[in-house]
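Have a look at the structure, then read on for the details.

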Amino acid sequence: MKRVIDCFVPYIDAEQTLRTVEGLMAEEEVANVCLLSTNADAEPLEGCTLVVVHDFTSTATVKAIAENAKNEFTLVYSKPEMLFFGFKALLRMVTVARDLDAGMVYADHYNYRGGELKKDPVIDYQQGSLRDGFDFGSVILYSTEKLKETASRMTADYKAAGMYDLRLKLSEKYAIEHIPEYLYTDVEMDTRTSGERIYDYCDPKNNASQKEMEQACTDHLKAVGAYLPPTDFKDIDFGLEEFDVECTVVIPVLNRVKVIRDAIKSVLTQEAPFKFNLIIVDNHSTDGTTEAIDEFADDVRLIHIIPDRDDLGIGGCWNLGVSDKRCGRFVIGLDSDDMYATPHTLEKMVAQFYKENAAMVCGTYVVTDVNLKEIAPGVIDHHEWTPDNGRNNLFHVNGVGGPRAFYTPIYRATYIPNTSYGEDYAMGLAITRDYRMGRVYDVMTCARRWDDNTDADLDIFKENANNLYKDRIRTWELRARQNKNKNKL
């Protein structure tokens, strides 16, 4: 095979880059290696072309890559650490790209993490893979022709969202293919747990870049016919149905004896100008949680439900609680690990329904340790939500915030998936297709992080399964919104 690939690699550390370059030049498919450097005075490595850029993520950098790519394929490596390809791996990527006429291909890989060689699989790309943190791995192979055509359609001048904008626009016309084979090895420098990484998009220091990501995603939704304007929400008459109580808190729980008492106390000590109750769906706990709940049996506001069935996830437990005839007009969630941060949480959340005529309200939480000491990243207020674009921006972020509250009749018309991950996000997407979501930006909940949290430190396979599911939820919602727009015509 003739040399058909132009490679673009970040040039930061000469020693590590040299080893990567030597490996690439040894591959019979590689024609050229271009070094992306933010230093105009950098000395290029022998046999390489120096391409000076201001950063590695901007629109200008994407266009510089497209301009300098001359051969059939363009390979972009996104890490400054060493890269090694498996035997005939590049040939495999080229073959798949040609056979499928793909715009872009990426693959599973290995990486060195903590001194160990580990498998690092990625997941399939789909219509709903719109979060800017989608993991393609560090190696992407583009069809140069399709890369250039896509770059020509990039009109915004992003500093942080250039690569994100590229793949969104590319996906509008061309296939993005995942090769589920381990084709290369890189070095992993981000050694944080999954429970730490999930908050990255909420970090205040990322505000400017997240605004760019939001704009790129919104433009994409418009291009594919899934954008919804901020003017077509359905109004709600909260007085159409009668309820014995105004508000119900639902806590699904399984084996949380260490923390469930704190959660219960934080509910029963709420101060509100209306009647409320608490439904705990105890999903067959065996560690003493059931007995801990029964310690509060003298309080008639507490309703302790043990399901007759054993196939319920967190979402199923929610559905069982909201289906109960004793559930109030509004239903507010509390994770069994957590506590309400103020005795006025219920009052403020319910008030927001009436203030915004909302079918769903999300609050703000602060991340703490089990002793309620604030820990990084601190307050999560989902500041990226705006009334004029929140329903669209939900596609590019990975959560809706919390605590989450719903107008019960609309919840009962929809119900959330019977899963233990992403069920609330699915509901948020579905509800905002037609109704307003209100926000409370005061801290309502202490989200306590401890070793038994369900997302504290997931292995890569479980993390991938969770992400694949959320992408599928986004895909279905994107199609539903496309259909909604088509039916308006």
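Let us begin with helix α10 (residues 314-323), which is largely enclosed by the rest of the structure because 7 of its 10 residues are buried; buried means under 20% relative accessible area, exposed over 50% and partly exposed in between, with a 1.4 Å probe and protein chains only. Please keep in mind that this is a predicted model, in which local features need pLDDT of at least 70, side-chain atom pairs count only at pLDDT 80 or more, and totals for chains, interfaces and linings use all residues. Residues are numbered from 1 along each chain as its sequence is written, and side-chain values use heavy atoms, with hydrogens and water left out. Helices (H or I, at least four residues) and strands (E, at least two) are DSSP runs numbered from the N terminus.

**The enclosed helix α10**

- The buried residues of α10 are Gly315, Gly316, Cys317, Trp318, Asn319, Gly321 and Val322.
- Among the elements that cover these buried residues are the strands β10 (247-253), β11 (276-282), β13 (330-333) and β17 (404-407).
- The cover also includes the helices α13 (408-412) and α14 (423-432).

**Helices α5 and α7**

- Two packed helices are described by the angle between their axes and the distance between the axes.
- For helix α5 (residues 162-171) and helix α7 (residues 207-223), the angle is about 5° and the axes are 10 Å apart; axes are lines fitted to C-alpha atoms, for helices over the stretch in contact, and angles run from 0 to 180 degrees between N-to-C directions.
- α5 and α7 are therefore roughly parallel to each other (angles under 35 degrees count as roughly parallel, over 145 as roughly antiparallel, 65 to 115 as roughly perpendicular and the rest as oblique).
- Tyr164, Asp165, Leu168 and Ser171 of α5 meet Met213, Ala216, Cys217 and His220 of α7, where contact means heavy atoms within 4.5 Å.
- The contact of α5 with α7 has 5 nonpolar, 2 polar and 1 charged residues (Ala, Val, Leu, Ile, Met, Phe, Trp, Tyr, Cys and Pro count as nonpolar, Asp, Glu, Lys and Arg as charged, and the others, Gly among them, as polar).
- Asn207 has its place in helix α7 and counts as partly exposed, at 35% relative accessibility.
- The C-alpha atoms of Asn207 and Glu384 are separated by 7.8 Å, although these residues are 177 apart along the chain.

**Helices α2 and α4**

- Helix α2 (residues 59-68) and helix α4 (residues 144-152) have axes that come within 9 Å and cross at roughly 140°, and the two helices are therefore oblique to each other.
- On the α2 side, the contact is made by Val62, Lys63, Ile65, Ala66 and Glu67, and on the α4 side by Leu147, Lys148, Ala151 and Ser152.
- By class, the contact of α2 with α4 divides into 5 nonpolar, 1 polar and 3 charged residues.
- Thr59 is also in helix α2 and counts as buried, at 2% relative accessibility.
- Not counting residues up to four places away in sequence, Thr59 touches Met154, Ala156, Asp157, Tyr158 and Gly162.

**Strands**

- Strands β15 (residues 360-368) and β16 (residues 374-380) run antiparallel and are joined by 3 bridges (two strands pair if DSSP finds at least two bridges between them).
- Tyr365 has Ile380 in β16 as its bridge partner.
- The hairpin of β15 and β16 has 5 residues between the strands, and Leu372 in the turn has a positive phi of about 70°.
- Ser37 lies in strand β2 (residues 30-37) and is buried, with a relative accessible area of 2%.
- Neighbours within four places in sequence aside, Ser37 is in contact with Tyr11, Ala42, Leu50, Val51, Val52 and Val53.
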